[in-house]
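Hi,

Here is the structure I promised to send over.

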Amino acid sequence: MTSNDVDNPPMTSAPRTASATDEPRWLDAEQQRLWRAYLDGTVRFIEAVGRDHEERSDVSLNEYELLVRLSESPDHTLRMSALADGLARSRSRVTHTVARMEARGLVRRSASTGDRRGVNCAMTSEGYRVLVASAPAHVAAVRRYMVDVLTPEQFRALGEAMAAVAAACKAERTS
């Protein structure tokens, strides 16, 4: 939405820090163009990589990312809460995903040592096998749809920009 579109306000809630009397800081035409390009590119990228996983892998993109997080952790194990935080997904959504993966023998849950309330998620040897088998197609898709499409400078700028966005979102969530 641009400053010329004030007669048609957006259908989103105001930021928490803004009061009801604050005027919105509308996007100018260039900012709006870039914002929409970001939304379109993000949705299409996730859809393309997800579709690639459906066609070439035994796990969905979300399941693959969960296995990657476990593979990078000591003993291939993480607390469920840390797993949800690292994946930027709700605990409920991660719990449902883990339940489906557990039924397929890819992960297992167990009580956290020393904390009765905590639950750990560990990757099984079958989960590791599926991760290793899925990795080449995953990396090829990421390269095909992003890395090889961008210049090294664009890719670096994208990574740095999204790290800043993630940090701002995390800070807002914890405040």
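**Helix packing and strand pairing**

In this predicted model, helix 2 (residues 61-71) packs against helix 3 (residues 80-87) at an angle of about 120°, and their axes are 10 Å apart. Angles of 65 to 115 degrees count as roughly perpendicular, and this pair is therefore oblique. The crossing of helix 2 past helix 3 is right-handed. On the helix 2 side, Glu65, Leu66, Arg69 and Leu70 make the contact, and they meet Leu83, Gly86 and Leu87 of helix 3. By class, that contact comprises four nonpolar, two charged and one polar residues.

Helix 2 also meets helix 5 (residues 125-147): their axes come within 10 Å and cross at roughly 115°. This crossing is left-handed. Helix 2 contributes Leu61, Tyr64, Glu65, Leu67, Val68 and Ser71, while helix 5 brings Gly127, Leu131, Ser134, Ala135 and His138. Six of the residues in this contact are nonpolar, four polar and one charged. You will see Glu65 listed in the contact with helix 3 and again in the one with helix 5.

Now to the strands. Strand 3 (residues 115-123) runs antiparallel to strand 1 (residues 77-79), joined to it by three bridges; here Thr77 sits opposite Ala122. Strand 3 also pairs with strand 2 (residues 107-112), again antiparallel, over six bridges, with Arg109 opposite Cys121. Strands 2 and 3 form a hairpin with two residues between them, and Gly114 in the turn has a positive phi of about 85°.

Best wishes

Methods:
Residues are numbered from 1 along each chain as its sequence is written. This is a predicted model: local features need pLDDT of at least 70, side-chain atom pairs count only at pLDDT 80 or more; totals for chains, interfaces and linings use all residues. Side-chain values use heavy atoms; hydrogens and water are left out. Axes are lines fitted to C-alpha atoms, for helices over the stretch in contact, and angles run from 0 to 180 degrees between N-to-C directions. Helices (H or I, at least four residues) and strands (E, at least two) are DSSP runs, numbered from the N terminus. Angles under 35 degrees count as roughly parallel, over 145 as roughly antiparallel, 65 to 115 as roughly perpendicular and the rest as oblique. A crossing is left-handed if the near helix is turned anticlockwise from the far one by less than a right angle, and right-handed if clockwise. Contact means heavy atoms within 4.5 Å. Ala, Val, Leu, Ile, Met, Phe, Trp, Tyr, Cys and Pro count as nonpolar, Asp, Glu, Lys and Arg as charged, and the others, Gly among them, as polar. Two strands pair if DSSP finds at least two bridges between them.
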